[in-house]
Amino acid sequence: MISDHRGEPVRTGRAAVNETKLHYRTAGSGPAVVLLHGVPKTGYHWRHLVPRLTPRHTVVVPDLRGLGDSDHPAGGFDSATMSDDIAALMAHLGHDSYSVMGEDWGAAIGYQLAARHRDRVNALVFAEALLPGFGFEDHTALTHENVSGGMHLWHLGFYFQPDVPEMLIAGHERELLTYMLKYERSHPDTATADAVDEYVRCYSLPGGIRSMLSIYRAMLADAEQNRQAAQKRLDIPVLALGGSAFIGDRNEAQMRLLAHDVTGHVFDAGHDLAEEVPDEVADVVLPFLAGRGRAVGPGGTAS
């Protein structure tokens, strides 16, 4: 369960948007911020950060297309389409201006959201991601630097191959997810049993692993989308966050190619900042978000 700062369970709902149906959670009051999780996670990734944000913000936490308790459509797993999902969800909930915080694939989708919906997004927090087209692919290479630095992304090529990953992962979702979640963290004990159970539950649903793999298989389309978007830099403030044991200050260096107003911060952590060091993340994110956008009433329908 995810709770707000008063210990009250967040509101949940489903919305039919952009030819799919998204599950979301929402809580709090004040200027809106949408939190976009990465892989292999769900909106549950933000459970520690939500109560730190809700005193000042209306927080919207969707499960991305094909992940969590959202629907598992046949296609639409490129970053541009998935960003349009979020724009449609936020419009559905009545938020015409909002900040975006994304991590891992959620950060890549958050960048596309900010680039494609510039009249809606007023700030971007970009955490622990390398964008296709801007260095992501380089870390698939079997080199001494990648391996010794912990940034050999061996799984990208494996996931890109059709059919074989589904065959090998089926029945071993827990083993794969537990390994990925713990391997990429400086603090592996923060991959708690409740989180692992929730992620395994969701990725074991029919279509769960297929949807996850489809996100990776859209990388070549993503790269072209990112190169196109980068032709016009973002004008909004961008906060680039990294973990010292994973992508680190490369988050900031990358975003300086894509936006005019970029600040950065590196935490003593691995890849999953909001689960590893939530207090420290909140201390950096809250001042950055202060004063962004305008308050709107809480959105979403109870279910």
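For the entries below, I count a polar contact as a pair of N or O atoms within 3.5 Å, where, within protein, one must be able to donate a hydrogen and the other to accept it. The model is predicted.

Entry 1, residue T81. I looked for a polar contact of the T81 side chain and found one of 2.8 Å to the side chain of D78. T81 sits in helix α2, which covers residues 79–92.

I next listed what T81 touches, leaving aside its neighbours within four places in sequence: N18, R65 and G76. I also checked T81 against A282. The two are 201 residues apart in sequence, and their C-alpha atoms are 29 Å apart in space.

Helix α7 runs over residues 173–183 and helix α8 over residues 193–203. How do their axes cross? I read an angle of roughly 130°, with the axes coming within 10 Å. I therefore noted α7 as oblique to α8. The crossing of α7 past α8 is right-handed.

For the contact itself, I wrote down E173, R174, L177, T178 and L181 on the α7 side. On the α8 side I have V196, D197, Y199, V200 and Y203. Sorted by type, the residues of this contact give six nonpolar, one polar and three charged.

Key. Residues are numbered from 1 along each chain as its sequence is written. This is a predicted model: local features need pLDDT of at least 70, side-chain atom pairs count only at pLDDT 80 or more; totals for chains, interfaces and linings use all residues. Side-chain values use heavy atoms; hydrogens and water are left out. Axes are lines fitted to C-alpha atoms, for helices over the stretch in contact, and angles run from 0 to 180 degrees between N-to-C directions. Helices (H or I, at least four residues) and strands (E, at least two) are DSSP runs, numbered from the N terminus. Angles under 35 degrees count as roughly parallel, over 145 as roughly antiparallel, 65 to 115 as roughly perpendicular and the rest as oblique. A crossing is left-handed if the near helix is turned anticlockwise from the far one by less than a right angle, and right-handed if clockwise. Contact means heavy atoms within 4.5 Å. Ala, Val, Leu, Ile, Met, Phe, Trp, Tyr, Cys and Pro count as nonpolar, Asp, Glu, Lys and Arg as charged, and the others, Gly among them, as polar.
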